[in-house]
Structures are given as structure tokens and as C-alpha cells.
Amino acid sequence: MNVEGFMNQLKMSQNPDKPPSSKEKSSDLEDGREESSDTQDQSVRKKVRQSALGSHRDDTPKSSPPRPVSVEELMETAKGVTNMALAHEIVVNGDFQIKPAELPEHSLEKKVRDIVHKAFWDCLEAQLKEDPPTYDHAIKLLGEIKENLLSFLLPGHTRLRSQITEVLDLDLIKQEAENGALDIAKLVEFVIGMMGTLCAPARDEEIKKLKDINEIVPLFRAIFSVLDVMKMDMANFAVTSIRPKLMQQSAEYERKKFQEFLEKRPNSLDLVTRWLQEAADDLVKLRCKMLPPHCSSDGATGGASALCSTAVQNQAYLNLLKWDHVNRPFPETVLMDQTRFQEIQLELEQCLLTGTVLLVTFSAAGPALADMPGFAEKIKTIVKVLLTGIHLPSFNLKESLATTGEKVCAEVNTCLSQHGFTPLSAERETVLKGQIQAVANSDNTICKLIDSRIQKFLENYLASSHQKSLPAVPGGLGPIQKELEEIAIKYVRLVNYNKMVFSPYYDAVLGKILTKEEYQLAGKSEES
């Protein structure tokens, strides 16, 4: 199965909340698919996308206007982008799972759905209470159950397929109903037994509960509820099974879909061009700054012109970790991962603050606490709890750091007393609290030092991502080494996959940028 086919099959997963006999509409199919394992992450992603796409559009580089496109072309492009986003999510998110849509409580959609469901089951109950009973709805339900059971079978399950087809023969069931010989209970017993055979072990308890239901209508409702869960299990099993193959094909697939999108919107690399240009400029400034003051202009030119595509790309990815997501649109080729980069950025901010607080705490408390088991973890927990929500506009960093200072001082004194050391004096407590509160200042020296070392560590991690030996953690980052390495692994995996997909576009853009840089540097050298 190719990627396109698998994506379409995933999007055709049924919504467990629908009435069993109704047909799904295309809008319901889209709503039935939940790509994220965390609802909060989805809301953050939506907010980030809106702010990124809606802010400072005037800053977008000017280019020739895109050609007019028809509604059909737009719909086809949207479908391709949706499939590309889904394939990308499966590949980069190891915890990806398909989950049923949960409608908001008291929402109009939920009320309508509940009314439709109740009407359907009330109609079924009324038919079965007639004398003689009418089995039209019940037979339709048995037909849907039969289709569901057959959908769980693998090609080699010929015996089970024959059993299901033979027992749930709808023509025979209709004849039995017309002649008053239909035994619904016997058919339902077979269905429950077959569900027990086909379900995952985690569903055994739910299958067991079905056998305790005696009334036919509640039993049918419970059967469909369990079948819906089984369909989710099957879909997630398919995702897990296809992921290795999907990873092999997804880079080419995403590149193809992006190319189709680019052909319809030729200016779709404007933000990428600016992003890479800024990275090249940053490297030129950095390398010129690092040259000795007595270095000749030829030396400066040589140092700056030694830029290579890989170095510029790495610098560009590092710049994403300092991105202003509110006021700057995200580059097109990393847009699908904007939420992930923003999450990494927030995690690094917490690491930066945690590392700074730990550094000033150890400095104030002396070497007694540096090697004390569990102390650093306690401080980390305090900082993490009090900095929860740091990404929110309403978050007050100064107040949180003031509270952090109080808590840290209390914890330091407790640990010192427990281990026979003298607690901090009032004067030293005041100094430590002041140092912790000063972390909120953007020009804080210690904070800048820790930040530069974190950036250097990530830069080295990017450069050594294909080597077995990983870079050493710079001095002062030891207490947050574990957190930094976990972040670095996620970050590098994301970067490497993005490079794999979009490297041809980056090479083309950088070919022009680096040629222009060399030309400008050569001109400056001649003038001097």
C-alpha cells in the first residue's frame, strides 16, 4: 500500500459516536480523525498557526503575484496538504494515535447527535415490542455488525470468514424473520463470541460485560460501542505496522506534495529564503567577530566566505529556537512542525531558568549541597511547578521568581539543617533571593552565560548527529544534563527529518545566497 492510499484509509475511519445505521458525511470523516494524543497540544497548535499566519503579513518578501487558481485546484491542494500533514504526524510523533472525536458538552452538535441516537434506538425497541415483532432495524444492525467483523479479518482468516458469512447470512435471517423462526439471542451470542476472538486482549473485560446484558436493545448498543473501540484498536495497529514503511516513503511523499503546492503558489518559499538569508548573515557576523583584530581584510573575507550549506542550515534551525511566534510568520517548510519547535523553545527556556537558579543556589549554599543526593531534583521540581504557564501572556515571571526564591531558600535551609550544616543567614538569604529574581532581567550575566552554553551544546549536537559519540555537556550545565539531552534528541530528530524532506529546496535557495555573499565579500575586499 502506498502512502496516499494509507492516508485516505485512515481518514475513512468511522466516528464511534455515529448512529450504527447512518452513513458518514465527508465532514464527519474529517472530524472523526484526531491526530494528536494531547488535546492541550492541539489547542496550542491551532493558536500558534493562527498567530503565525495572521501576524505581520506586510513583512513577507514581495514577489510576483501568484496566478489565479480555481476552486477545484484549491480543494485538491488542500487534500494533498492534509494527507502530507497526516503522514508527517505519524512519522515524527512516536505516540501518534487515532482517537474518537469527543464533542463538547452542551454543544449543539452533541445535542443533535444524542437526539438522533435516542430516536434510532427507541424505534428499534418499538419494533421488537410489536406482536409479532418487526426485525427490519435489527437485521440492518446485524448486517453492519457482519461488515465490521469481516473488516477485522486478515487475508489468511478463511475459516473465520466462512463462519461469519454462514451464520450472519442476511437472506436466510430475513426468511427466518418472515416465518417467525428468528432467534436473535443465538445470533447475538455468536457475534459476542466472534468479537472475543478478534479483539485485543485489553478488550476481554468489555467482551465479558456484554454477556451480562439480557435486554436486546441495550445489548446492541453495547456491541456497537465495543466494535467502535475495536476499530480504533485496529486503526492504531495499522499505524504502528505501517510506520517503518511510511518512514521510508514519507520524505519523498512530503516533497512531492510540497512541490505540487509550490507549483500552485510559486511564492511559497519567500519566508524560507529570508530565514536562510538571516542565518547566513548571522554566521558571517559571528565569524568576522571571532577573527583577530589585526587580521587583514583578505583573512576576513576568507573566514566569512567559508560558509557552507550545512553550517547555514544548522544556524537557521538554531534560530528557530529563538523565534518570535507572535510577530513573525514561520518558514513554509517547517510550518507543520511549528508547534514542536515552539514546545522545544519553551522547554529550553525552562531549562535555562532552572540551570540558572541551580547555579546561583549552589554558589550561595556552598559545595555542601552540590553532591547531595536528590537536592538538585527538588529544586528542579520547585522551578518547574512555579514556572508552569510561562508561555501564557498573563504569566508574571518576576512574581514567580520571587516565589521561587522563597521556596528555594526554605529548601536549602532544610537540607543544610538535616545534614548538620549551618542554615543560611538572613543576609545570604536576601542575596540568594535577589539573584534568583534577577534572572528575569534580559541582560542577566549568569542567564546569558547559561544560554550561550545551551546554544553551543545544541550546535555541537547538530554537527555530531550522525556520529556515535555525542558532544560533552559544557561546564555549569551538569545539573540539567538529562533534560538537555532529552530535548536535543527530539530537536535533532526533527531537524534531520526536515532536512531529508526539504534539502533540495534549501540547496537551491542557499546556492543563490552563498554566491551573493561571496560576491559581496569579494567586493568589500577589493575596496579595502
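Is Val112 buried, partly exposed or exposed, and what is its relative accessibility? Val112 counts as partly exposed because its relative accessibility is 45%; the classes are buried for under 20% relative accessible area, exposed for over 50%, and partly exposed in between (1.4 Å probe, protein chains only). The model is predicted, so local features need pLDDT of at least 70 and side-chain atom pairs count only at pLDDT 80 or more, while totals for chains, interfaces and linings use all residues. Residues are numbered from 1 along each chain as its sequence is written, and side-chain values use heavy atoms, with hydrogens and water left out.

**Stop 1: helix H5**

Select residues 108-128, which make up helix H5 and include Val112. Helices are DSSP runs (H or I, at least four residues), as strands are (E, at least two), and both are numbered from the N terminus. Next, select Leu108, Val112 and Val116: these residues form a nonpolar surface patch with about 280 Å² of accessible area together. Such areas come from the Shrake-Rupley method with a 1.4 Å probe, and for residues only the protein chains shown count as cover. A patch takes residues with over 30% relative accessible area and no salt bridge, joining like charges within 9 Å and nonpolar side chains (Val, Leu, Ile, Met, Phe, Trp, Tyr) within 5 Å.

Now display the side chains of Lys110 and Asp114, which form a salt bridge with the closest N and O atoms 3.2 Å apart. A salt bridge here is a side-chain nitrogen of Lys or Arg within 4 Å of a carboxyl oxygen of Asp or Glu. Asp114 and Lys110 are separated by about one helical turn because they are four residues apart in helix H5. Lys110 counts as buried at 15% relative accessibility, whereas Asp114, at 33%, counts as partly exposed.

Move on to Glu125 and Lys129, another salt bridge, whose closest N and O atoms are 3.3 Å apart. Lys129 is exposed, with a relative accessible area of 64%, and Glu125 is partly exposed at 31%.

**Stop 2: helix H9**

Select residues 184-198. Helix H9 has 15 residues and spans 21 Å from its first C-alpha to its last, close to the 21 Å expected at 1.5 Å a residue; the expected span is 1.5 Å times one less than the number of residues. Its buried residues include Ile184, Phe190 and Leu198.

**Stop 3: helix H12**

Select residues 270-290, helix H12, which has 21 residues and reaches 31 Å between its first and last C-alpha, close to the expected 30 Å. Among its buried residues are Asp270, Trp275, Gln277 and Leu283.

**Stop 4**

Display Lys380 and Glu483, whose side chains meet in a salt bridge (3.1 Å, N to O). This pair links distant parts of the chain, with Lys380 in helix H16 (residues 375-386) and Glu483 in helix H20 (residues 481-527), 103 residues apart. Lys380 counts as buried at 10% relative accessibility, while Glu483 is partly exposed at 23%.

**Stop 5: the whole structure**

A search of the whole structure finds 19 salt bridges. The corresponding search for disulfides (cysteine sulfur atoms within 2.5 Å of each other) finds zero. To finish, select Cys199, which is buried at 11% relative accessible area, and Cys351, which is buried at 6%.
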